[in-house]
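Dear colleague,

I am handing over the structure that you will be reading about, and I would ask you to keep it open beside this message. Please look it over once before you go on.

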Amino acid sequence: MKRLPRIEQYGLIGDMQTSAHVCDDGSIDWLCLPRFDRPAVFAALLGTQKHGTWRIAPASAIATETAAERRYVGESLVLEALWHTPTGSARVTDFMPPRDGAPQVIRIVEGVAGKVPMLSALRPRPGYGRVSPWIHEVGGRMVAEAGADALWLDTSTQQTEKDGAIVSTFTVTAGESVAFVLSWGPSHSAAPEVADPDAALAITLKVWQDWSRQCTYDGPDRQAVVRSAITLKALTYAPSGGIVAAPTTSLPETLGGSRNWDYRYTWMRDASTALAALLGIGFLAEAGAWRRWLLRAVTGDPENLQIMYDVTGERDLREWELPWLPGYEGSAPVRVGNGAADQLQLDVYGEVIETLYLAHRGGLAHCSDTAALHQRLIAHLAQRWREPDEGIWEIRGPRRHFVHSKVMAWVAVDRTIRLAEAGALNVDLMALKELRATIHREVCAKGFDPVRNTFTQFYGSAELDASLLLIPRVGFLPADDPRVIGTVDAVRRELSTPEGFVQRYATAADTVGVDGLVGEEGTFLLCSFWMVDALALTGRLEEGRALFNRLLALRSDLGLLAEEYDVVTGRQLGNYPQAFSHMGLIESALLLQRLDARKPAPPATVFTPVGVR
């Protein structure tokens with residue numbers, strides 16, 4: 001039995017329709033086909049090897065459980081692992097070529113020095129690790145078939161079936177290479193064509209490197225910013241423009257706990273803020289693709305806006321459990337689907353409209369259909385903003401009047417006014433300005449505790465929430481307002497660890513919290529980046545920079561971040577890699593760059609998940 005890897009020991013490869021998690025021991029332990037939200041054919045990440053995996057590594061490394069040295073090739077999503085053994089060195093290059101036909105995972109093994117005995121063991125288990133396929137040979141090619149799925153494995157080396165796995169043992173010497181191509185297709189269709197691995201590698205490198213060169217960011221920590229941008233691009237479903245919050249399900253927020261959720265869907269909030277971050281560093285085409293996704297998903301029924309959809313805009317994300325999977329390090333249940341899709345989260349109107357505003361400012365061409373959708377969304381929000389909701393954190397307890405939700409409703413109205421004043425939208429300006437003022441007055445009256453000098457999590461609450469750190473970034477109040485400074489100090493005092501990492505809100509191991517759940521969780525990485533920004537904006541630039549550097553140090557050896565971090569165990573937690581975390585990194589880098597340069601701030605800074613121009 002292989003050792004249990006940490007979440008951050010996994011690298012990501014993908015083809016902008018799905019992705020695979022590659023461990024530093026050479027195993028692919030998570031792969032959903034043919035897209036992010038379809039059943040996994042390798043699910044060992046949430047169980048054991050019997051739930052599906054594909055390992056390629058030196059035989060000596062498998063015996064000793066050693067790991068490889070890893071890196072991405074330049075500014076791409078091509079992953080290299082270099083193995084050093086007593087008899088020589090070998091390199092394994094893993095990638096998924098941008099799709100032009102069947103989805104494929106290609107693994108090229110090259111001899112670097114000496115002679116290295118290697119082992120490839122592919123154990124496919126479709127249906128999230130539940131189904132043992134029929135493995136057989138067809139025309140000299142090995143295929144594993146199960147129901148509607150067929151997985152074809154092509155290689156030049158000898159392959160045999162052993163205990164439900166396709167196994168190859170071979171030796172590479174310096175200058176030699178052996179390629180493995182795994183292709184998926186419907187089992188009732190003709191076999192996919194055999195790929196040319198070297199040609200596919202060249203195309204894959206070119207696609208990623210050409211895309212990365214569009215990045216306009218030239219400040220400090222550029223490598224971290226570009227890697228985060230590549231990660232966000234990798235989480236994009238290219239055919240539709242939708243972006244998943246993360247490519248995994250049920251990686252736990254606390255080890256052994258039940259806060260395990262499926263993030264393989266397109267949240268209105270996560271996708272729009274990720275696009276806003278990409279806009280801030282020069283990527284405009286992605287905003288256009290996302291806008292088309294938005295129109296397809298929402299236009300027919302904007303009054304019933306969901307907070308998330310699948311990558312193509314489907315609404316039915318019913319939640320269920322997979323009892324045959326024990327969960328990552330015993331963290332059960334493993335869930336598929338997400339019941340939060342039916343929640344009311346008023347803040348999403350602000351995030352979506354903010355991104356439309358930024359896309360307009362960034363030069364995206366006017367779209368009359370989007371303008372019509374915008375008008376209907378703001379009209380609907382005007383009717384509902386006074387309602388309680390489940391809020392940004394998708395609580396599973398009673399609805400409340402969350403301050404962040406009301407502030408983001410204000411953002412939606414404010415950005416609509418700005419677009420109208422720029423001539424891009426036809427609305428009743430007088431009515432919207434009155435609405436903007438009304439929301440602002442109510443939040444300041446009902447969401448602020450004058451005794452403690454801080455905004456609170458919801459109206460009448462004594463609790464705090466990290467989302468309050470966004471208040472100066474949205475322009476709701478200036479950063480030098482005493483109420484803002486008091487709020488930042490309160491969150492820092494009550495929700496931060498000694499290292500400065502920030503929790504979303506207070507949780508407890510044995511009591512039900514405001515979110516309706518029992519159990520603690522790690523510090524939330526996006527909230528920690530929000531604290532970077534809040535410190536910098538309130539005149540504590542050096543403290544913000546120091547916290548930013550500590551957050552950079554939490555990244556994996558490949559520059560990847562999960563959703564949360566456990567300061568006790570020093571481990572990343574939650575679904576991985578997380579769009580929110582990488583978006584936060586980009587936004588903080590942009591803000592620090594501007595403040596370092598002492599550039600004058602715009603009249604009203606925009607909310608934290610959005611780039612500072």
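This is a predicted model: local features need pLDDT of at least 70, side-chain atom pairs count only at pLDDT 80 or more; totals for chains, interfaces and linings use all residues.

Side chains of opposite charge can pair when their charged atoms come close. Counted in this way, the model holds 45 salt bridges, and I will take you through a few of them.

One of them joins the side chains of R222 and E75, with 2.9 Å from N to O. This pair links distant parts of the chain, since R222 belongs to helix 4 (residues 222-234) while E75 sits in the loop between strand 6 (69-72) and strand 7 (79-85), and the two are 147 residues apart. R222 counts as partly exposed because its relative accessibility is 27%, and E75, at 28%, is partly exposed as well.

Another salt bridge is formed by the side chains of R141 and D154, at 2.7 Å from N to O. R141 is part of strand 11 (residues 141-146) and D154 is part of strand 12 (residues 149-155), so the pair ties together parts that are 13 residues apart in sequence. R141 has a relative accessible area of 14%, and therefore counts as buried, the cut-off being under 20%; D154 is buried too, with a value of 10%.

In a further salt bridge, between D596 and R545, the closest N and O atoms are 2.8 Å apart. D596 lies in helix 14 (residues 579-596) and R545 in helix 13 (residues 541-552), so that distant parts of the chain, 51 residues apart, are linked. Here D596 is partly exposed at 37%, whereas R545 is buried at 16%.

Salt bridges can also join into a network, as they do for E354, D414, R415, R418 and R436.

Now to the helices. Two packed helices are described by the angle between their axes and the distance between the axes. For helix 6 (residues 285-298) and helix 7 (residues 347-361), the angle is about 140° and the axes are 11 Å apart, which means that helix 6 is oblique to helix 7. The crossing of helix 6 with helix 7 is left-handed.

Which residues make the contact? Helix 6 contributes A287, W290, R291 and L294, and helix 7 contributes V352, T355, L356 and A359.

With kind regards

Methods: Residues are numbered from 1 along each chain as its sequence is written. Side-chain values use heavy atoms; hydrogens and water are left out. A salt bridge is a side-chain nitrogen of Lys or Arg within 4 Å of a carboxyl oxygen of Asp or Glu. Helices (H or I, at least four residues) and strands (E, at least two) are DSSP runs, numbered from the N terminus. Buried means under 20% relative accessible area, exposed over 50%, partly exposed in between (1.4 Å probe, protein chains only). Axes are lines fitted to C-alpha atoms, for helices over the stretch in contact, and angles run from 0 to 180 degrees between N-to-C directions. Angles under 35 degrees count as roughly parallel, over 145 as roughly antiparallel, 65 to 115 as roughly perpendicular and the rest as oblique. A crossing is left-handed if the near helix is turned anticlockwise from the far one by less than a right angle, and right-handed if clockwise. Contact means heavy atoms within 4.5 Å.
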